[in-house]
Amino acid sequence: TDDDLQNNITRNDRLLAFRLAAGWAVKGRWQAFQRCVFVNIVQDFEKTFRADGWLRDDFQFLPQQLNRTLFAWTLSVEMRNRFQSWLENDRRPCPEIDRLRSSTSNNPELLHTLAN
C-alpha cells in the first residue's frame with residue numbers, strides 16, 4: 001500500500017536514491033567489469049558518513065520532478081550535497097584502475113573509456 005511505501009525504505013530504494021543523486025553517472029564506476037561497483041561506492045560513502053547506519057532523515061519520499069504522480073525515495077538535500085561533494089572531491093580511486101590507466105597511457109581511446 002501507499003503507507004507501506006512511505007514508511008518502509010528498502011535497500012533498493014536507498015540505492016535508487018543514490019543513483020538519482022549521482023545523476024545515474026559516477027566517474028570510474030565500471031572497474032574491470034566487476035559487478036556491484038556502484039553498491040560498493042555507496043557502502044564506502046556510508047562508512048565515511050554513517051558508520052552506524054543510515055538515519056530516516058537521510059531520505060525523503062517525494063514526487064519525481066518530471067512526473068509529479070510518481071513518487072520515489074530520494075536523498076535529503078543535505079545528504080545529496082554531501083554525496084555529490086564526496087564523489088567529486090573525496091572518493092579514493094581504485095588502485096587497480098590507476099595501474100590499468102598507467103599501463104594504457106599510450107592509448108588515448110582506452111584512457112577515455114576508463115575515465116567514464
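Predicted model: local features only at pLDDT ≥ 70, side-chain atom pairs only at ≥ 80, totals over all residues.

Colleague: Why is glutamine 60 called partly exposed rather than buried?

Modeller: Its relative accessibility is 27%, and since buried means under 20% and exposed over 50%, with partly exposed in between, glutamine 60 counts as partly exposed. Tryptophan 73, which lies in strand β2 (residues 71-75), has a relative accessibility of 3% and therefore counts as buried. The C-alpha atoms of tryptophan 73 and glutamine 60 are separated by 5.5 Å, although the two residues are 13 apart along the chain.

Colleague: How do you know whether arginine 50 is buried or exposed?

Modeller: Its relative accessible area is 19%, and because the limit for buried is under 20%, arginine 50 is buried. Arginine 50 is placed in the loop between α3 (37-49) and β1 (59-63), and aspartate 58 has its place in the loop between α3 and β1 as well. At 3% relative accessibility, aspartate 58 also counts as buried.

Colleague: With what does the side chain of arginine 50 make a polar contact?

Modeller: The partner is the side chain of aspartate 58, at 2.9 Å, and the limit for such a pair is 3.5 Å. Leaving aside neighbours within four places in sequence, arginine 50 is in contact with Phe45, Leu55, Asp58, Met79 and Arg82, while aspartate 58, on the same terms, is in contact with Arg50, Thr74, Leu75, Ser76 and Met79.

Colleague: Turning to the helices, why are α3 and α4 called roughly perpendicular?

Modeller: The axes of α3 and helix α4 (residues 77-90) come within 11 Å and cross at roughly 110 degrees; angles of 65 to 115 degrees count as roughly perpendicular, and α3 and α4 are therefore roughly perpendicular to each other. Their crossing is right-handed. In this contact, Phe38, Ile41, Asp44, Phe45, Thr48 and Phe49 in α3 meet Met79, Arg82, Phe83, Trp86 and Leu87 in α4. By class, the residues of the contact are eight nonpolar, one polar and two charged.

Colleague: And what makes α2 roughly perpendicular to α3?

Modeller: The axes of helix α2 (residues 11-21) and α3 come within 11 Å and cross at roughly 90 degrees, and because 65 to 115 degrees is the range for roughly perpendicular, α2 is given that description. Arg11, Leu15, Phe18 and Arg19 of α2 make the contact with Phe38, Val39, Val42 and Phe45 of α3, and these residues divide into six nonpolar, no polar and two charged.

Colleague: How many helices and strands does the chain have, and in what order do they run?

Modeller: The chain has six helices and two strands, and from the N terminus on the elements run α-α-α-β-β-α-α-α. Buried residues make up 28% of the 116 residues in the chain.

Methods
Residues numbered from 1 in each chain as written. Heavy atoms only, no water. Helix = DSSP H or I, 4+ residues; strand = E, 2+ residues; numbered from the N terminus. Buried < 20%, exposed > 50% of the residue type's maximum accessible area, 1.4 Å probe, protein only. Polar contact = N/O pair within 3.5 Å; in protein donor to acceptor, adjacent residues only side chain to side chain. Contact = heavy atoms within 4.5 Å. Axes fitted to C-alpha atoms, helices over the stretch in contact; angles between N-to-C directions. Parallel < 35°, antiparallel > 145°, perpendicular 65-115°, else oblique. Nonpolar A, V, L, I, M, F, W, Y, C, P; charged D, E, K, R; others polar. Left-handed = near helix turned anticlockwise from the far one by under 90°.
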